[in-house]
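Visitor: I would like to learn how to read a pocket in a protein. Could you guide me?

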Amino acid sequence: MSLTLSAPDLSDTAFAARFHDVADASAHTDGYRPFNEQAMLDARSGRRSPQLLIEGEDAVGAAIFGRGEIDLVVHPRYRRRGHATAALRRLFEDEGGMSGDLTAWAHGDHPAARRLADRFGFSAERTLLQLERPLTDADAETTPELPSGLIIDTFRPAPAGDAAEWVRLNALVFATHPEQGAITEADLADRMDEPWFDAGDLLLARDTQAGEPGRIVGYNWLKIEPGATLGEIYVLGVHPDAAGAGLGRALMLAGLRRLRERGCTAVELYVEAESAGPVRLYRSLGFADRTVDVQYRRAPR
């Protein structure tokens, strides 16, 4: 088996088609996507390398490597034949052992991923819960109760928009989060270029007492893929100064209402398992477990 890099990014349509065939087959079998959004954005932009695992003429797996991160999936038709082990061994050999700090996501917490992680010296570091709940007409009829002096508005794109202020608030809210807290204005622009982006789905809580139009003190960013009936609470954040007053719940209810109004019949979200407050909020609003993602890390050698 060989591990080949056929394109520096996914702009090569023939390579991209084979890559997506592997990913789609895995998603259909497993019930969850093998690559998260950030990995796909990195692959499309060339920040990380999308690769195919080739055996003869067949694409038996796909991977995204680079920047100290590994994402790897084997096509369901070719599993349990040692392809993942061979691919990682080849990768470590080609990259001189990859002695630096490495992370890898196991979407769905698959037992085979656990065995592979143990074999190559990775330890579980983070657990990400995927929660979901149905949406009904009652969600569209709910009126959130906002703390005094706050209103819910929507995101204003450039010029004279909310991008810079939103990025600063997001960095503050997620200061200890390795991915979300590192989002830049360029990263935000990348997401705004995605076909699913709608400024009306980025709900902002503004403090009207701080002047017109008021500083942003919270947000609930929603994501609806074109044609989908499953919506996502993409990211929810509340300024530390506004925490504890019920703003997070109000933003959640406003988001559920918006999703239902846009035709969604269900909603999902991701949350760190150790984030007790958010997990408690989501469960109180009827969210239940769907699956679990685990991030593994291998310390520098």
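Visitor: How do the residues of the lining of the second largest pocket divide into nonpolar, polar and charged?

Guide: First, a word on the source: this is a predicted model, where local features need pLDDT of at least 70, side-chain atom pairs count only at pLDDT 80 or more, and totals for chains, interfaces and linings use all residues. Residues are numbered from 1 along each chain as its sequence is written, and side-chain values use heavy atoms, leaving out hydrogens and water. Now the general idea: rolling a probe the size of a water molecule over the atoms shows where empty space is left. Here the lining has 19 nonpolar, 6 polar and 7 charged residues. (Ala, Val, Leu, Ile, Met, Phe, Trp, Tyr, Cys and Pro count as nonpolar, Asp, Glu, Lys and Arg as charged, and the others, Gly among them, as polar.)

Visitor: Which residues lie nearest the centre of this pocket?

Guide: A pocket is an open set of points on a 1 Å grid over the protein atoms alone, where a 1.4 Å probe fits, with protein on both sides within 12 Å along at least five of seven lines; lining residues have an atom within 4 Å of a point. Of the 32 lining residues here, L72, A84, A112, A113 and L116 lie nearest the centre.

Visitor: Which helix supplies the largest share of the lining?

Guide: Helices are DSSP runs of H or I with at least four residues, strands are E runs of at least two, and both are numbered from the N terminus. Helix 4 gives the largest share, 6 residues. Among the other elements supplying at least two are helix 1 (13-30) and strand 4 (69-74).

Visitor: How many helices and strands does the chain have?

Guide: The chain has 9 helices and 12 strands. Its C-alpha atoms fill a box of roughly 65 × 35 × 35 Å along the principal axes.
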